[in-house]
Amino acid sequence: MKNIILFGKPGAGKGTQAALLRDAFQLVHISTGDLFRYNIGNNTSLGALAKSYMDQGDLVPDEVTIKMLEAEVDANPDAGGFIFDGFPRTSKQAEALDEFLHGKEMRIQATIALEVDEEVLIKRLLNRGKDSGRADDQDEEKIRNRFEEYNNKTAPLISYYIAQNKFHSITGVGTVTEISEQLIALLDSL
Ligand code: AMP
């Protein structure tokens, strides 16, 4: 069983690559951003709560995010492995994930970061915002706030996973195929 975390700043290509890895390795892809957007689309109370943070580019509070993630893992008891996209994003989430998986005799095999410069990401995200209509992709100030959230709260997880000998990083610049080939080779080597 392979349980993988895809790590990287907003716009680094986690969602695109996670979908390809899901198909290549028959994993269940869990994106917390997609789950929040699904809840917003369905007008749930979780969606309303998440929207108030997401629209500003702030992280949604840990407690609700962790609960939602755990429910999604539990909803897939037959999964051959998971690819976590956009989770964990804080130390509390990382610790909760380890503890939760441990309780199921599962563990994370690897955390893989897609590295892309912020200025490149801003262009990518503003472009994506034109098609997706995502409010958090359309405003440079909100995008910069998401980077700040990443740098303050998510980047510290790099040392958390280095300490567990699970951290890998590859460039997120190149064609989708070039990047997925590198990711697949890395996962094959685990
Ligand atoms: P994403 O689609 O991964 O870029 O996520 C979009 C937004 O959803 C983020 O800017 C956060 O507001 C929220 N979000 C997604 N995943 C998490 C998480 N693990 N913790 C807190 N907030 C999250």
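Reader: How many bridges join β1 to strand β3, and in which sense do the two run?

Author: This is a predicted model, in which local features need pLDDT of at least 70 and side-chain atom pairs count only at pLDDT 80 or more, while totals for chains, interfaces and linings use all residues. Residues are numbered from 1 along each chain as its sequence is written, and side-chain values use heavy atoms, with hydrogens and water left out. Strand β1 (residues 2–7) is joined to β3 (residues 81–85) by 5 bridges, and the two run parallel. Strands are DSSP runs of E with at least two residues, helices are runs of H or I with at least four, and both are numbered from the N terminus. Two strands pair if DSSP finds at least two bridges between them, so the 5 bridges of β1 and β3 qualify. Within this pairing, Asn 3 has Phe 82 as its bridge partner.

Reader: Why are β2 and β5 called edge strands?

Author: The open sheet has 5 strands in the order β2-β3-β1-β4-β5, with parallel pairing. Its edge strands, β2 (28–31) and β5 (167–171), each pair on one side only.

Reader: What makes β1 a mostly covered strand?

Author: In β1, 5 of the 6 residues are buried. Buried means under 20% relative accessible area, exposed over 50%, and partly exposed in between, with a 1.4 Å probe and protein chains only.

Reader: Why are α6 and α7 called oblique to each other?

Author: The axes of α6 (residues 118–132) and α7 (residues 140–154) come within 10 Å and cross at roughly 130°. Axes are lines fitted to C-alpha atoms, for helices over the stretch in contact (heavy atoms within 4.5 Å), and angles run from 0 to 180 degrees between N-to-C directions. Under 35 degrees counts as roughly parallel, over 145 as roughly antiparallel, 65 to 115 as roughly perpendicular and the rest as oblique. The two helices are therefore oblique to each other.
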